[in-house]
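Dear colleague,

Please find below the sequence and structure that I am handing over to you.

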Amino acid sequence: MAVTRTFSIIKPDATRRNLTGAVTKMLEEAGLRVVASKRIHMTREQAEGFYAVHKERPFFGELVDFMISGPVVVQVLEGEDAVKRNRDVMGATNPADAAEGTIRKTYAESIEANSVHGSDSDENAAIEIAFFFNEDEIVG
Ligand code: ADP
Ligand code: MG
């Protein structure tokens with residue numbers, strides 16, 4: 001299995017509860033390495049651009065409001081089969097459906113305030129990483 005990269009966001013519900021370290025620990029214990037990380041407060045324009053794929057969905061406006069409601073931590077994660085590895089440790093979108101031991105089962109508040117984002121494909125990982133990071137900010 002090749003070492004690849006994925007993109008992660010620790011969402012405002014988690015930063016508000018001071019869970020940045022706890023979430024990162026679960027990512028690291030899942031075999032992912034944080035090769036870039038920064039705490040930012042997204043602008044509305046950034047959040048709308050990042051989630052443009054969801055703009056027709058009924059929850060789009062609330063999702064954007066939530067994502068700019070507080071700081072987030074954007075990260076690049078590296079590991080074997082990083083996209084799938086991260087999705088596995090994140091758990092299902094709705095914490096009610098998430099497996100035991102996953103980040104969302106452990107920490108998410110709701111289907112919206114679900115603590116973490118993770119890319120869903122290698123192609124989207126590359127797009128999402130480039131949305132927030134320059135290559136010289138990523139140190140493997
Ligand atoms: P995932 O984050 O698991 O890839 P999606 O890409 O389908 O899930 O959705 C993006 C984000 O939109 C979710 O993580 C969650 O914050 C929010 N979301 C998804 N579905 C709903 C919903 N039915 N109601 C409110 N927010 C939602
Ligand atoms: Mg998604």
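This is a predicted model: local features need pLDDT of at least 70, side-chain atom pairs count only at pLDDT 80 or more; totals for chains, interfaces and linings use all residues.

Nonpolar cores. In soluble globular proteins, nonpolar side chains tend to be buried together. The largest nonpolar core in this model has 23 residues. Those that touch the most other members are Phe 7, Ile 9, Met 42, Met 67, Val 74, Phe 132 and Phe 133. Two or more residues come from each of E1, E2, E3 and the helices H3 (44-50), H4 (60-67) and H7 (122-132). The most, five residues, come from H4. Apart from this core lies another, of 14 residues, including Ile 10, Ala 14, Val 23 and Val 73.

Ligand. Which residues surround ligand 1? They are Lys 11, His 54, Arg 57, Phe 59, Leu 63, Arg 87, Thr 93, Arg 104, Ile 111, Glu 112 and Asn 114. A polar side-chain atom of Lys 11 is 2.9 Å from an oxygen atom of the ligand, and a polar side-chain atom of Asn 114 is likewise 2.9 Å from a ligand oxygen atom. In the case of Glu 112, a backbone N or O atom lies 2.8 Å from an oxygen atom of ligand 1. Taken alone, ligand 1 exposes 530 Å², of which the protein buries 80%.

Glu 137. This residue is found in the segment after H7. Is Glu 137 buried or partly exposed? Its relative accessible area is 33%, so Glu 137 is partly exposed. Leaving aside neighbours within four places in sequence, Glu 137 is in contact with Val 35, Ala 36, Lys 38 and Phe 132. With Lys 38 there is also a polar contact of 3.3 Å between the side chains. The C-alpha atoms of Glu 137 and Ala 52 are separated by 24 Å, and these residues are 85 residues apart along the chain.

A colleague

Definitions and conventions
Residues are numbered from 1 along each chain as its sequence is written. Chains are lettered from A and ligands numbered from 1 in the order in which they are written. Side-chain values use heavy atoms; hydrogens and water are left out. A nonpolar core is a set of buried Ala, Val, Leu, Ile, Met, Phe, Trp, Tyr and Cys residues joined through side-chain atoms within 4.5 Å. Buried means under 20% relative accessible area, exposed over 50%, partly exposed in between (1.4 Å probe, protein chains only). Helices (H or I, at least four residues) and strands (E, at least two) are DSSP runs, numbered from the N terminus. A residue is near a molecule or strand if one of its heavy atoms lies within 4 Å of it. A polar contact is a pair of N or O atoms within 3.5 Å; within protein, one must be able to donate a hydrogen and the other to accept it, and residues adjacent in sequence count only if both atoms are side-chain atoms. Accessible areas come from the Shrake-Rupley method with a 1.4 Å probe; for residues, only the protein chains shown count as cover. Contact means heavy atoms within 4.5 Å.
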